Amino acid sequence: MSRVEPFARNPNDGSKRVLVVDDGTTMRLFYRSVLEAAGFVVEEAANGVEGYEKALAQPFDLMIIDINMPKMDGYSMLRAIRADAAVRATPAVTISTEAGDKDVIKAFEAGANFYMVKPVATRELTEIACLITGARPQ
Amino acid sequence: MNSPLLDRFVGEARDLVQGAAAALLALERQPGDEASINAVFRSVHTLKGSVGLFDFPAFTKLVHAGEDLLSAVRAGQVTLTPERVDRLLEAFDQVGRWIDEIDAGGALLDGAVGISRDLTMALRAMLPAQADPAGARAANPTADTAAATLTALDWLGGLPEADRLAALAAASNGREILAVEYVPATDCFFSGEDPLTLFRPLSSLCALVIDSTAAWPQSDALDPYQCILRFRIVTAAPRSEIESLFRYVIEQIKIAVITPNQLRAAVTAGSPGAGALPIASPVAAPSAMVIRIIEGQRTLLATARTATDRMDRLASVARIVSNLLTVADREADLTSWSDAMALARRDETGHPVVAWFDRWLESQATTASQTPAETPPSQGGPRPRIETADPEGRPDNRVSANRILKVDQAKVDSLMNLIGELVVSKNSLPFLAKRADEVHGSREMSREIKDVYAVIDRLAQEMQGAIMAIRMLPVSEVFERFPRLVRDVSRKLGKHIALVIEGEDTAADKNIIEVLGDPLLHIIRNAIDHGIEKPEDRAATGKAPEATVRVKAFQDGDQVVIDVSDDGRGIDPEKIKASALAKGIIDADRAARLSDQEAVNLVFYPGFSTAETVSDLSGRGVGMDVVVTTIERAGGTVAVTSRRGQGTTVRLSLPLSMAVTRVMTVEAGGGMLFGIPMDHIAETVRVRRDAVQRIKTSEVFVLRDSVVPLVRLDNLLGIDAPIWFGNGDDEEAVLVVHVGGNLIGLVVDHFREGMDIILKPLNGILAGVRGYIGTALLGDGRVLLVLNLKELF
């Protein structure tokens, strides 16, 4: 049996687009640098309102949404996304500093496909983004 | 050099800390204001998220402790007392210092851990016991001062011989030996605890065993942020010391008194220590993350409230699962998955999909428990490889609207200098036009040059305006510091003070704003320290116990004016006179003649201080004279008005911009041109020679009702003027100027035009020359010397 080179197919060719919604500018730069290094195209939004507008304006393969944000928090943004037929198929992962069961369930109830806990490791972030978007790192 | 991520963090963190402190003060003024508590909480929360990206554990802990306290405040578990605000502000201050340290050296200085521990403890002490998140989740709640009793002592047998002998030795000295078991909460790292350092200060530590409460998970499932450690200690320290040391986590420890016999018995029981780490098996399990994500999709469907909601969620689930199966090399499962999806869509129910998840997850569990050889090699493979660098060659997609640029001040300053040069250079074009006509006889060329000049002139002016606008900052830049100052000082002095800030949007050039900060701080401190009475004194005079300090900024013509007024006791002119007499600033004769306002103005004299006792707040030898000097250097003025018993107002007036100075040019010394700052000039008059009178050797003239001394500019500057026959009509050109509150008539040869100039200070070997503020280049290439009248008189 010949071993299949695990990363041979579906290279991350820059066609996968990720929207990061977080009010922290350091966090946004972190997502951008990690995800761009893994071959993703990254868009940023600073709050739920901006995130929702960007999500409507162009298609994304993944949204990473912070929970605690001004104007519109992550839960509200998720509910808005899931209620909108045009964008509800977009996978969404929430990220929060809260790691309790209640917080996780709340994220799923609002419509998150997955959740991450801050601080998220570079490796974990890349792995989740790749698996969910069906991309392989370059 | 710091990394871009760290630089971004430094910038953001500064803003966040500042925002948090401002919101906290607003909250203290308006307790229960939801917007403020949310703002301060969110700032700290975001900061916690950001700092977690870096390895600054001391920083992270402190921020976390602050967040916990704020969280308790937000939840209404504790009220925001002044003490709690103090602790939080201290923490914010420390965080601010750490940010500076990180900015300067990329790391925290030594001692950060200790500082963090002290401040964290102080913050945690402000939490009620039940609001402690670790306490809330503790398995066995107990009374909050005494620890539970430890029953399981079999581990004693596993202690090394030497440790047990040490304990026995302590016991033989008559001391009580305690066994302590400490199981920190699994999320203790997130609440800023460091279990090991917690008991380090114990005065006696005979033995220490660290093991885990459960078997160690395999390395890829290990979550390093979860604490599953168990600490077992044998100590001869008194129980009270232990309970005090562990007071914040008292429910997490158990204590038992052990007898020397128990220690000896344990030697014979000889059970091996519980501490050995199980070695993770080398089996490559199916990617844990794939399974976690699939579980997530199941949860997403299970938590849907309604059937429609569930169907809405199915779209994203379908997308993720097919992506996941493809990339995890589980294409074999794709068929059954599509079948389940088709079924779900047809019947509009989530059941087939949930059932598929259950089957799939179960099959993974069995695969995982099978022998390593049967695990397909690819299952360990899909873990993505991480590349951290080289984002080149990928589409750069950084579109962002309304981005605010943060620009280095030096760049704006150099723009300002360049535009200054440009304004001056363009002034040479009219001379060129004149030459074209007069020297080269080309009137047409002259006209064309003038046309071009008109265009360049307009552009240069607009550009100058635009650059000046960049440099304009709102006074709120300096006002932001005041709420904190007023709070701290008034708390220290036991005075109740409401700070009212008005017109913080008023803008002025950044140089002016920078100049304002320290003088204003000093004036406000003065007002609180000397001006405002103690509450009981206020009550005695029928005033409201809470005093008001009002800081008001507004624009008045080309000046920005800032009034600092208080409703305190006012300045007593008699006291001032007495004090000035005692200090030898004035003599008794003069004191008797001084008007009240003149007496009040004495506070501007160097070294003057009215407070009988010098407090550590304002009387630090820095008096109002320093304020005056600073403000005047920036081209501004300071005035004090005061009414006894009603309060004092200090008014600072400053030019909107220091970049452009308006001067009047005059001719003296037989054709030499000098500039005099317009704000000194009261008026220009022509005085008939025969109206000039002599008092001893001085010349004076009468301007309306007052006698004004005359000074000839030539004499003042020591210029040997050529013989001057007057300007033909037997009149002197006299420029009446204010110098230090007095009027002086300056005799010049001719008045020339007023103009806006870019003032350049004298530098190099000329820097020490007194009497001149600086120079400016004129359009025709001449250099204009601008006089500093204060230094000349």
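Two residues are in contact if their C-beta atoms, placed from the backbone, lie within 7 Å. Keep that in mind as you work through these exercises on a predicted model.

**Exercise 1. Which residues does B:Arg752 touch, not counting residues up to four places away in sequence?**

*Step 1.* Find the residue: B:Arg752 sits in strand E21 (residues 750-758) of chain B.

*Step 2.* Apply the contact rule. Leaving out residues up to four places away in sequence, B:Arg752 touches B:Thr665, B:Val666, B:Glu667 and B:Leu673.

*Step 3.* Take one of these partners. B:Glu667 is 85 residues from B:Arg752 in sequence, yet their C-alpha atoms are 6.9 Å apart in space.

*Step 4.* Now look at the surroundings. A residue is buried with 20 or more other C-beta atoms within 10 Å and exposed with 12 or fewer. B:Arg752 has 14 C-beta neighbours inside 10 Å, so it counts as partly exposed.

**Exercise 2. How many of the nine residues of helix H3 (residues 74-82) of chain A are buried?**

*Step 1.* List the buried residues of H3(A): A:Gly74, A:Tyr75, A:Met77, A:Leu78, A:Ala80, A:Ile81 and A:Arg82.

*Step 2.* That is seven of the nine, so H3(A) is largely enclosed by the rest of the structure.

*Step 3.* See what covers them. The cover includes strands E1 (17-21), E3 (62-66) and E4 (92-96) of chain A, helices H2 (48-57) and H4 (101-110) of chain A, and also H12 of chain B.

**Exercise 3. How are helix H12 (residues 307-327) and helix H13 (residues 334-347) of chain B arranged?**

*Step 1.* Two packed helices are described by the angle between their axes and the distance between the axes.

*Step 2.* For H12(B) and H13(B), the angle is about 170° and the axes are 10 Å apart. Angles over 145 degrees count as roughly antiparallel, so H12(B) is roughly antiparallel to H13(B).

*Step 3.* Name the contact residues. H12(B) supplies B:Leu314, B:Ala318, B:Val321, B:Ser322 and B:Leu325, while H13(B) supplies B:Leu334, B:Trp337, B:Met341 and B:Ala344.

*Step 4.* Sort them by class: eight are nonpolar, one is polar and none is charged.

**Exercise 4. At what angle do helix H15 (residues 409-426) and helix H17 (residues 443-471) of chain B cross?**

*Step 1.* The axes cross at roughly 155° and come within 10 Å. This angle makes H15(B) roughly antiparallel to H17(B).

*Step 2.* Look at the contact, where H15(B) contributes residues including B:Val412 and B:Lys426, and H17(B) contributes residues including B:Tyr453 and B:Arg471.

*Step 3.* By class, this contact has 12 nonpolar, one polar and three charged residues.

**Exercise 5. Which strands are the edge strands of the open sheet of five strands in chain B?**

*Step 1.* Write the order, E1-E5-E2-E4-E3, and note that the pairing is mixed.

*Step 2.* Strand E1 (148-149) and strand E3 (207-212) each pair on one side only, and these are the edge strands.

*Step 3.* Follow E1(B) to its partner: it pairs with strand E5 (residues 253-258) in the parallel sense over two bridges. B:Thr149 has B:Ile255 of E5(B) as its bridge partner.

Key:
Residues are numbered from 1 along each chain as its sequence is written. Chains are lettered from A and ligands numbered from 1 in the order in which they are written. This is a predicted model: local features need pLDDT of at least 70, side-chain atom pairs count only at pLDDT 80 or more; totals for chains, interfaces and linings use all residues. Axes are lines fitted to C-alpha atoms, for helices over the stretch in contact, and angles run from 0 to 180 degrees between N-to-C directions. Helices (H or I, at least four residues) and strands (E, at least two) are DSSP runs, numbered from the N terminus. Angles under 35 degrees count as roughly parallel, over 145 as roughly antiparallel, 65 to 115 as roughly perpendicular and the rest as oblique. Ala, Val, Leu, Ile, Met, Phe, Trp, Tyr, Cys and Pro count as nonpolar, Asp, Glu, Lys and Arg as charged, and the others, Gly among them, as polar. Two strands pair if DSSP finds at least two bridges between them.
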